[in-house]
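Biologist: I would like a close look at a single part of this assembly, the side of one chain that meets its neighbour. Please take me through that part and then set it in its surroundings.

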Amino acid sequence: MRVALFLTCVNDTLYPDTGRAVVRLLTRLGVEVDFPPAQTCCGQAHYNTGYRHDAEPLAVQFSDVFRGYEAIVTPSGSCAAMVRELYPRMGERARAEGRGDALAATVAPVAAKTYELTEFLVDVLGVTDVGAYYPHPVTYHPTCHGLRSLRLGDRPVRLLRAVKGLELIELPGAEECCGFGGTFAVKNADVSSAMGVDKVRNAESTGAEVLCAADNSCLMHLGGTMTRLRVGMRPVHIAEILASTEKEPLV
Amino acid sequence: MSGSRELILGRVRRALADVPEDETPYEQAVPRDYGERHGERTPAETVDLLAENLADYRAIVHRTNAPGLPSVLAGLLAARGARTVLVPAGLPSHWLTGVEQVADRAESTPYELDRVDSVVTGCAVAIAETGTLVLDGSPDQGRPRITLVPDHHICVVRVPDQVVSSVPQALRRLTPTRPMTWISGPSATSDIELERVEGVHGPRTLEVVLMSEA
Amino acid sequence: MSGTFLGMPAFPEAARKAVADETLRGNLRHATHTIRAKRARAVSELSDWAALREAGKRIKDHTLRHLDRYLIQLEEAVTAAGGTVHWAADAHEANRIVAELVKATGESEVVKVKSMATQEIGLNEALEAEGIRAYETDLAELIVQLGGDRPSHILVPAIHRNRGEIRDIFRSRMGAWGRPAPEDLTDSPAELAEAARRHLREKFLRAKVAVSGANFMVAETGTLVVVESEGNGRMCLTLPETLISVVGIEKIVPTWRDLEVFLQTLPRSSTAERMNPYTSMWTGTTGSGTADVPRAFHLVLLDNGRTDTLADQVGRQALRCIRCSACLNVCPVYERAGGHAYGSVYPGPIGAILSPQLRGTGSEIDASLPYASSLCGACYDVCPVAIDIPEVLVHLRERVVEGGPVTRAGNKVVLKPAKGHAAERAVMRAARWAFSHPGALRAGQRLASRSRRFHPRTLPGPGRAWSASRDLPALPAEPFRDWWQRTHGGKEAR
């Protein structure tokens, strides 16, 4: 199976380790991974901030870059939701504005075959035990897009439970938003920070060493809050945990 | 006044310019695939559920049969120390004995009602799933105000005939244009810290007598 | 009298003060978390919740899409049942109609059932200006009125007050409005409720005119429905001789049967009860005389921005709202910012999409409301009529930054992009350009990576909003695409 990795602009620039982990993990599971270098950004920040018309060319570009693959996998719940849920909506809006079906027709094929990483593993590859080893106490934060847009349900948790050596500790108030919210983090910095602090305090109360999530944007916000609060935990993307093995442990 | 009527209707019509003429009619626009009721129960089990849900919202539930009703009512009123009891015109006269009855008169002022100790009524229908009594102003229930101002309300429900399982079933039994009061437990509020406290303006004590015929 | 929302600062500024107020945060956290868990339990009792939610959504959508027809049908039914129907295009007209109706009775005081519509139009203040005193009779509204305060929640307007604060307000203020609170009043909720009962009872018993809203109006029968808990609604709806109901035009449902959906979803969503203690239904003055329906009934149908909202194909779904406030209770932003920060009688997620549509995005507060959300989607999940609040928020953000055609007071106008977004717009355009040119993006990434040891961990200027409370992530030695190029370069596609 030949799949394209849509890494996302944030991961490409700030979290290349997550990208390398996805490549390692999928390759280990027998998937041929490609990284089309013409990829950039899905346009989520534009769209969610009110610049839908600026997001449209990015959606078209995304569709052009990824059209030829069997599946598109991304280690970001919010970017997966953008492509799958909001691209078709942008198409509908363009149609309602009298601009025809072109956008809807362009985005439809890629929207249908875009998967968030844990969804791809569980639903498409049909695996929950990916042969990982990670001997640490971990608590898991299900991000809003994963929880309420993509309805990932217990997929990430099933994957984590199958990791050898990993102790999964339930996070109190897990379903509450961490407060990142894209430009919300700076437009409403006080509320965003207060939400982040509460999430970090909840994570801290579990006694886990690691706060895991399937989206680095949320982890960037929570990790930045943790170091500021001098909380002795570290944020780790789920891909990096799943990629870790006894032979090649994540350091 | 009529100016604003035309103005608003005109605004509505312009706002809906995108709605096609031949849109799906009401009958087909609303899917009704929700339940007619929740769960399968015998009539007796439905009455049990009603009792359970009434009690859950702090109504005090009693059970009796038709011959036993007068003594149950007399006992409840005596226990309460009620000296005067408000009685709607159509309440069966043999239900109440040995207590001063105050007739519900159209001209009784709210102040007069406020001086009455208790009120006894029947009901139109009771809903088991929600623990609700519906009063529709029929002769055995009287005007809505008589079950509102006095602090103690005793409501007699004929079981199982007057009991339905669900809200949809209750609505079907009722006549929309009758003035109606749906009562689920005594008056309550959640206005202080979202904590439920029973007893604000309506009767603070609601007693329900479930009466079977036999 | 009560405070006003005019001249409110933008949401972020108002929220900053609330976030710093420990007592307020404690009160809100306690209350919202309590009700959240209860609501989830009440909803889980109904196995067909999803079907009820879908039916509620479709009933409301259908009604809105044929609102002209249903308004006329309702008017006919209410009139036939002995009521009088008035139409108010805006708040000013509605207030004038109510004041004239009260004056015509010769009375100078009215008792009020809690009503969002009359809060929205500022009816109490308008009546006061005409020499008419309006007494709020809902416990929470009473707390707000006595405290000279503003409501901060749709269902529980005094949610920002804890029991100790309420006791203090009752002790110091009740005497000025009527029967004083007992000297030895404690902060037990039962005692506080008892004090309110005694204070208000004298007002109920002497009242000749009542003002209410309504939760539902049934077009086919002309029946109005008020859902409540305390019995103050019943007092107002049955004891006075004249009843005036001010109701938004979107509160219609087509048929009696439709109530079977909302009478199941509303109580469970709002107070988390299987059924609220009291629901009153009346049809014009039918039954007046034998039953004690008020002898005169006036229905004031209120537009006040609703038809403008209806004109927006994305935004009109906000008019499905049945005012349950489940979205407030579950919202992490509301929980921390409190209701007052929203600068409207409609706070929380629903307020953030309703206020900028009813009032337009012209003021600072209204232009900031669409951003008062992290788009976490919890509000959409709990909404019993499935309003996609995040979708409307993003749509309204677009209206703020891009402007475009909107309807205001029934007229189509073209909005200019809002001021204050110029820098952001420039950044978004630049980012779009870079993202449309992978080569440029790559060059930027490399430059950033190579200069990374000079990067500060905190930012100056607008970036301070981030780094005031959070460290920046460290930049990696190279972006992923460079690593890929080095290691997989040969088998690159295309």
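Modeller: What follows is an account of chain B where chain B touches chain C, and then of the parts around that contact. The model is a predicted one.

Of the 2 pairs of chains in contact, the pair made of chains B and C shares the most contacts. On the chain B side 66 residues take part, and they are in contact with 84 residues of chain C. Seven named elements of chain B give two or more residues each to this side: helix 1 (2–15), helix 2 (26–29), helix 5 (110–114), helix 6 (167–173), strand 9 (180–183), strand 10 (188–192) and strand 11 (195–198). Helix 1 of chain B gives the most, with 10 residues. Sorted by class, the chain B side holds 32 nonpolar, 18 polar and 16 charged residues.

Strand 9 of chain B also pairs across the chain boundary. Its partner is strand 9 (residues 278–283) of chain C; the two are antiparallel and are joined over 4 bridges. Within this pairing, Thr181(B) stands opposite Ser280(C).

Strands 10 and 11 of chain B, which both give residues to the side that touches chain C, belong together. They run antiparallel and are joined by 3 bridges, with Ala188(B) placed opposite Glu198(B) in strand 11 of chain B. The two strands form a hairpin with 2 residues between them, and in the turn Glu193(B) has a positive phi of about 55 degrees. Strand 10 of chain B is largely enclosed by the rest of the structure, because 5 of its 5 residues are buried. Buried here means that 20 or more other C-beta atoms lie within 10 Å of the residue's own.

Chain B also contains an open sheet of 6 strands in the order 1-12-7-4-2-3, with parallel pairing. The edges of this sheet are strand 1 (60–65) and strand 3 (100–103) of chain B, each of which pairs on one side only. From one strand to the next the twist averages 25 degrees. Inside the order, strand 7 (residues 152–159) and strand 12 (residues 205–212) of chain B pair in the parallel sense over 8 bridges, and the bridge partner of Val156(B) is Val209(B) in strand 12 of chain B.

A UniProt annotation from an unreviewed entry, "domain: LUD", covers residues 111–211 of chain B. That span is 11% helix and 41% strand, and its end C-alpha atoms lie 32 Å apart.

Chain A and chain B, by contrast, are joined by no contact, and their closest C-alpha atoms lie 10 Å apart.

Conventions:
Residues numbered from 1 in each chain as written. Chains lettered and ligands numbered in written order. Predicted model: local features only at pLDDT ≥ 70, side-chain atom pairs only at ≥ 80, totals over all residues. Contact = placed C-beta atoms within 7 Å. Nonpolar A, V, L, I, M, F, W, Y, C, P; charged D, E, K, R; others polar. Pairing = 2+ DSSP bridges. UniProt positions renumbered as here; feature names shortened; annotations may be inferred. Axes fitted to C-alpha atoms, helices over the stretch in contact; angles between N-to-C directions. Buried ≥ 20, exposed ≤ 12 C-beta atoms within 10 Å, placed from the backbone.
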